[in-house]
Amino acid sequence: MTSTPVIEAGRRSAFPPRRRAPTLAATFHGPPEPSYPAEVELLEREPQLEQLREAILRSRRAGGIVTISGESGAGKSALLRAATALEPTVRVARGLCDPLETPRPLGPIREVITDLSAGRSMHLDLGGATTPAELAATLMQAIAAEPTIVVIEDAQWIDEASVDVLRFLVRRIESAPILLIVTYRPGEIGAGHSVRPLLGDIARQEGAVAVAVPSLTIRAIRALVSETGLDAASVLARTGGNPFYVTEIVRHPGEGLPASVRDAVLASTNAVAEDDLEVLRLIATAPDAVDDRLLPLLDIDVPRLRRLEATGLLMRSRRGVGYRHELARLAVEDAIPLAASAPLHARMLDALERSGSGDLALLTHHARAAGDDRRTARYADAAAADASRTGAHTEAVAFLRLAIEHFIGEPAERADLLERLSYEEYMVSHLSDAIEAISDARRVWSAVGDRRRLAAAHARQALIEYYGADRRQAERHVGLAIEEVDSPGYAAAWATRMYLQLRRSDVDAVKASARVASDVARERHDDDVRLRSEIFGAAADVLGGSATAREQLLDWADEARVLGFDEAASTGYSNLVAIDVDHRRFREAGELLSRSLPFTVDRDIPLCSQWQTGVRGRLHLLRGRWAAALEDAGSVLEVEAAPLALLWPNLVAALVLLRRGASRELAERHLDRAWELAGRLDEPLARLPVLAAIAERAWLLDVDDDRLDGADAAIAGLHDGNGGEWAAGDLAVWLARLGRPVAAPRVAEPFALELAGRVDDAAARWRALGSPFEAALAALGSADEAVAGGAVDELDAMGAIATADRARGALRARGLARVPVRPRTSTRGNPSGLTNRQLDVARLVAQGLTNAELAQRLYISPKTAGHHVSAILAKLGFATRRELIRRAGEMGLA
Amino acid sequence: MKRFIIEREIPGASELTEAQLAEIAVTSNAAVASLGVPYHWVTSYVAGDKIYCVHEAEDADTIIEHARRGGFPADLVAEVAYEFGPHTAELVLQ
């Protein structure tokens, strides 16, 4: 049998002996590499490491956030490396921000996604997701499956779109086993920096950990220089204890003490040959790292790469070949002779183009530094379009400015760029810049004799002027836009005219314009304008008192949403909810805001989001919820909001502060600002409430105010059917309290009752409506001394201390026998101190939700939910949640 | 030079067209030419969702360097320890 030898051979082994046993050295797994490949020695970082280790462990149960702050070279990345190495089973996804003049939209987010996809058959596609909310949801889905550390490094260079995505992530982080770590240099984020809103959100998150990475002490430096012969005290004095600087000095102890961190770095290049130095400089022109695929195009071969790596300045990572530290890159880049810089950038640009790179931000960077106007303009133009699409409007503005600055071509093309710039400036609420850009565009259209585009630019400018609270200019530009029937902005101009008429409560004019606008829109198949015209028409009907118009308006807005006219829909909500609040339809207003505000954030419509937040502040004010009112007002006032959106926040802040009797000066400033805005807007529904507030102040401080001289005329200027009866009533009642009664023909019921002397009935109406402050003020006039005294107690209880004091004075003047003295603070059962978040939670608790259910609903951990509930109960002075449930109705939380 | 087998995971690899493979070859040749050290691309096999390559270089680092420059994955790089085939059976008779 032939098989026998085989069996025998098998006994000896069918295989020849291996020449060499397989070892790890012979088998390599290629990329993915670990996110933090290098081993590092850490000194004096034990407390920070411990903070990070605890945060990583905690995040396996419920998501958490850590910020790491430290100056450049403090060792933030080294700390992260060490911390993530402590828990190697938790995966790490890193997103680095780069020091480009204008950052890449979504740069770090895309990197995080790449990191998550690396080495897995999973391929995340961001293509479908466009809004920050959608991107955050996609990201969340990808990372929530297993414990993950998401690191955003060098957030001082982050783009606006990434900030928006991360803010969404932060809100939901507790519901997933994610640890978000954000590192930044505190000295490089001034007021108004893109990252501030994100850091603000993080600071408000319960349990967020802030890790500071300080300079090294003399002890650590002594340890580092121990074998170098250097004097530790001199090194400390020279470096300020900056770990990067110290380490660079220690690497070349023979060179003595370098004068600067730059000199310390450049010591590593002393022995480098001139042509190698050229390549080191070339690599230094790349703000991130040189993609490996560019190496063939840049003629950087392996032997040269090895020589360069021997300097210890470079590092190989997933991103390619780059400097080990930004300080090292800067040192080399700064030392490039002036004349050599542009050619290096040109070489890099050429390689990028030949590689087919689509990295528009990077292409723009190199084109600009290469002094290539044509390419700078072209890439900046494309980069701006990309930025705008992803919602990175701050970056879109910067790219467009660059594109315009370097533009060479036809005037009409330049005007197009200016119009785009104007839009992006409007999106970031820089209205005066937006006006300047559109005015520049108009001048170009005018110069080239394009009357149609000129008129369209007028139409655009009208809207921006109005957002800037300049009605006079807005009306002028609308007038000019409407003169040109053939203009592409003709229909839109009519919609804007309607909008302006609506805002002035000119119901009849709105109806007249609506007929023109809807005809024009239909003729031109312009659904956006058709829907705006329907929406404004319906809003005019709401003002006019129609019972069905409100539902109609919501239907039109829904249709606009479905068709993708987000701004039209959002504008509809903004105007309706302002009328709702003015007319004290609190339930409807609250319900609408809870849907429309997230919509404006989600669709990135900043003006509506600011406006509606301000209107919600006014809603809280009218319901006696001072803390929530101030919170909303503050959140609009602290950003660079459009002037139009500042009306209610200023009014709300003024009134809350006046009633509380704190920060008088600040209150006055807000009131003055509101008065100024109301003057520029010239609208009854702005002017009358501000006049009412001025009257309230005059009553409170017992002073005259000549701004009230026009009050009679303001009320008289209203006519029936334009929805001014609440605003007029409010003002008329305050004027009456001041002892200067006016003729107010038609005012809303509770005011009418009070003006007619039926103060108890008025108080009852206010109580039923859910306005405790107005109820107390009405009750103050009650003939029943117990009722009047009780009103003072109520004012005290809701924290309206100044109003209560003034009321005490008024009662004493009336000769009341028993005027309550100012009590010790007691806000039992009073929701005036609850924040927006706490109001939300309180409503859910009132529905009987458990902590676990709250956690699920609000994307927080049950523990945090428990903390919220405890804080709410403490503020309300309740011992149990049962008490809250029982009294929810009277507190308006049911 | 040593010989290496490189496993590259490329989803849908076997559906790559001849034109696409030609493009990959151009990129790979350019990467080889840019290295400045001895390198020889012997051959490659497309199979399922993978491409298996046989390359020769001084060390595995250079294999990885080539992959980086070409933008190719290199999920596994293994040095060939021995090549054998039917003729190896003849060794038994000795």
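Five strands of chain A form an open sheet in the order E3-E4-E5-E2-E6, with parallel pairing. The model is predicted: local features need pLDDT of at least 70, side-chain atom pairs count only at pLDDT 80 or more, and totals for chains, interfaces and linings use all residues. Residues are numbered from 1 along each chain as its sequence is written, chains are lettered from A and ligands numbered from 1 in the order in which they are written, and side-chain values use heavy atoms, with hydrogens and water left out.

## Strands of chain A

Strands (E, at least two residues) and helices (H or I, at least four) are DSSP runs, numbered from the N terminus. Two strands pair if DSSP finds at least two bridges between them. Strands of a sheet pair through backbone hydrogen bonds, either parallel or antiparallel.

Strand E4 (residues 148-153) and strand E5 (residues 178-184) of chain A pair in the parallel sense, over 5 bridges. A:Thr148 has A:Ile178 as its bridge partner in E5(A).

Strand E7 (residues 314-317) and strand E8 (residues 320-323) of chain A run antiparallel and are joined by 4 bridges. They form a hairpin with 2 residues between them. A:Ser317 stands opposite A:Gly320 in E8(A).

## Aromatic contacts

Over all chains, the structure holds 10 aromatic pairs. Rings of Phe, Tyr and Trp (its six-membered ring) pair if their centres lie within 6.5 Å; planes under 30 degrees apart count as stacked, over 60 as edge-to-face and the rest as tilted. The table gives two of the pairs.

| Pair | Geometry | Centre to centre | Angle between planes |
|---|---|---|---|
| A:Tyr499 and A:Phe536 | stacked | 5.4 Å | 25 degrees |
| A:Tyr573 and A:Phe599 | edge-to-face | 6.1 Å | 85 degrees |

The stacked pair links distant parts of the chain: A:Tyr499 is in helix H23 (residues 490-503) of chain A and A:Phe536 in helix H25 (residues 527-543) of chain A, 37 residues apart. Buried means under 20% relative accessible area, exposed over 50%, partly exposed in between (1.4 Å probe, protein chains only). A:Tyr499 is buried at 6%, and A:Phe536 is buried at 3%.

For the edge-to-face pair, A:Tyr573 lies in helix H27 (residues 566-582) of chain A and A:Phe599 in helix H28 (residues 586-602) of chain A, so the pair ties together parts 26 residues apart in sequence. A:Tyr573 is buried, with a relative accessible area of 1%. A:Phe599 is buried at 4%.

Ring pairs also link A:Tyr423, A:Tyr426 and A:Tyr467 into a cluster. A:Tyr426 has a charge over its face as well: A:Arg460 lies at 5.2 Å from the ring centre. A:Arg378 lies over the face of A:Tyr379, at 4.9 Å from the ring centre. The criterion puts NZ of Lys or CZ of Arg within 6 Å of the ring centre and within 35 degrees of the ring normal.

## Cavities

The count comes to 4 cavities of 30 Å³ or more. A cavity is a set of points, on a 1 Å grid over the protein atoms alone, where a 1.4 Å probe fits but cannot get out; lining residues have an atom within 4 Å of a point. Grid points are joined across faces, edges and corners, and a volume is the space filled by probe spheres set on the points.

The largest cavity has a volume of about 170 Å³. Its lining has 20 residues, and A:Arg659, A:Glu696, A:Asp730, A:Trp734 and A:Glu774 lie nearest its centre. Elements that give two or more residues to this lining include helix H31 (647-660), helix H33 (684-701) and helix H35 (725-737) of chain A.

## Positive phi

Most residues other than glycine have a negative phi, and most peptide bonds are trans. A:Asp682 has a positive phi of about 50 degrees. This residue sits in the loop between helix H32 (664-681) and H33 of chain A, and A:Asp682 is partly exposed at 39% relative accessible area. A:Asp702 has a positive phi of about 55 degrees. The loop between H33 and helix H34 (711-716) of chain A holds A:Asp702, which is exposed at 62%.

## Chain B

Chain B has 3 helices and 4 strands, in the pattern β-α-β-β-α-β-α along the sequence. Of its 94 residues, 35% count as buried.

Note on methods. On a 1 Å grid over the protein atoms alone, a cavity is a set of points where a 1.4 Å probe fits but cannot get out, and a pocket is an open set with protein on both sides within 12 Å along at least five of seven lines; lining residues have an atom within 4 Å of a point.
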